[in-house]
Amino acid sequence: MTLAELMPTLGESLRGHLEPGIWPRSTAHGVDGDLLLGGVPLTQLAARFGTPCYLLDELTVRQHCQEYRAVLPDVEIAYAGKSMTSRGVLRWIAEEGLSLDVCSAGELAVARSVDFPAARILFHGNVKTPEDLKAAIAYGVDRIVVDSLDEIDQLGALARYPQNVLIRVTPGVDGHTHKAIATGVEDQKFGFSLRSGAALEAVARVLAQPSLRLVGLHCHIGSQVSRVASFEEAARLMVGLMATVQARFGLSLAQLDLGGGHAVPYRCGDPSFDLQGYADRIRRAVNFECSSHRLPPPHLIIEPGRAIVGSAGVTLYRVITVKHGASRTFVAVDGGMSDNPRPSLYGARYSVRPVGRRFSPLGRPVTVVGRHCEAGDVLAEDVVLPSDIHPGDLLAVPCTGAYHHSLASNYNLVGRPPVVSVRDGVARLLIRRETEDDLLARDLG
């Protein structure tokens, strides 16, 4: 991207423009170049909790939950816990009436600790260990989504009562997303292939287990999917498979889980997700196919995660050094790929905004890099920052509520950042900062 192409972005940034859909809904302008989140200045939050720091706007999370339920009142909305799990967040999700999907005994332990209703939990994962399955059974998780023939056999042997299960199907639908997060296409680790007949083999295997009760099918075509047509295609294929199950096994499946992966914008100009259009088209597709196959419409389930918490999050960093290379300027901060590996994993791109003082009206494109010993430790490339950016300045990166805390690591033995919720002028620590004592506690020498 050339400097000329970057200039409109620079102009918007320096005029104080906040890109819609990217920042939490409670974000507002403060004084002297500061921003407010939930009525609290970002500079105050940085001073109180340190940097790097994950911030979560409770209002945004709750409003997203309410919007999904309003647009899809007849659909079960199951929050994809892998996007961001903490006790505080799961309490909000439970209070807003959503269900929950978890992928491990650890995620289930957090849900259990806040008494999340077992009847509203689905257990996912392409590799569930015996410990995972035992934890799900012990808590009475309502539905387990099986992902392999071995898992079906293991679960059948462990289940103490008729355990409700769904079969994860790979429908062969391209979500037109990054290959690392495309899960609906053939020849990858998730689910049973529809095209090869593996899905029907899984149905037969479940029905052969007296301790399992097959209640439905599940599919997930990928993450950051913005094309509603891809979800529509998957829905049609899945109803067709339900009709085949009815014809071959005489079983009418009551539930159809169409997964999540609804896209959110990370930068100005990124595609957003048409939730109302999705609701209308999915209903029509499912109802039409069910009518064509003379099937009763199933109970529908969807699993948004990023779409619930992504834009509720902001990460704060402190500039440590500014270095001028041969052709680029590097702005190095006190975090990096240990708190946000998505740029390295998927080539994810972010907006970056300086806050906390009055900056020069002139700007330049820079590369924001982290503190870790990797050339690939890059948080944002070709973002425009003021020409007078210097060590000590505060940077805010929006849309970091999903897959940031969840993917965080201890690379270079750097402690993971705290998670702070903000609402109505009150900031509350959800997850404290990881300390050196925490790191040493596991090292038994």
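Author: Two strands pair if DSSP finds at least two bridges between them. Strands (E, at least two residues) and helices (H or I, at least four) are DSSP runs, numbered from the N terminus. This is a predicted model, where local features need pLDDT of at least 70, side-chain atom pairs count only at pLDDT 80 or more, and totals for chains, interfaces and linings use all residues. Residues are numbered from 1 along each chain as its sequence is written, and side-chain values use heavy atoms, with hydrogens and water left out.

Reader: What makes strand 4 and strand 14 a pair?

Author: Strand 4 (residues 53–57) and strand 14 (residues 313–324) share four bridges. The rule asks for at least two, so they pair. The sense is antiparallel. Here L55 stands opposite V314.

Reader: How do you know that strand 14 pairs with strand 19?

Author: Five bridges link strand 14 to strand 19 (residues 394–398), again in the antiparallel sense. Y317 faces L395 there, standing opposite.

Reader: Which strand forms a hairpin with strand 14?

Author: Strand 15 does, with four residues between the two. Strand 15 covers residues 329–333 and pairs with strand 14 over five bridges, antiparallel. H324 stands opposite T329.

Reader: Why is R267 called partly exposed?

Author: Its relative accessible area is 25%. Buried means under 20%, exposed over 50%, partly exposed in between (1.4 Å probe, protein chains only). R267 lies in the loop between strand 12 (255–257) and helix 10 (275–293).

Reader: What does R267 touch, not counting residues up to four places away in sequence?

Author: R267 touches I22, R349, Y350 and S351. Contact means heavy atoms within 4.5 Å. The C-alpha atoms of R267 and Y350 are separated by 5.8 Å, with the residues 83 apart along the chain.
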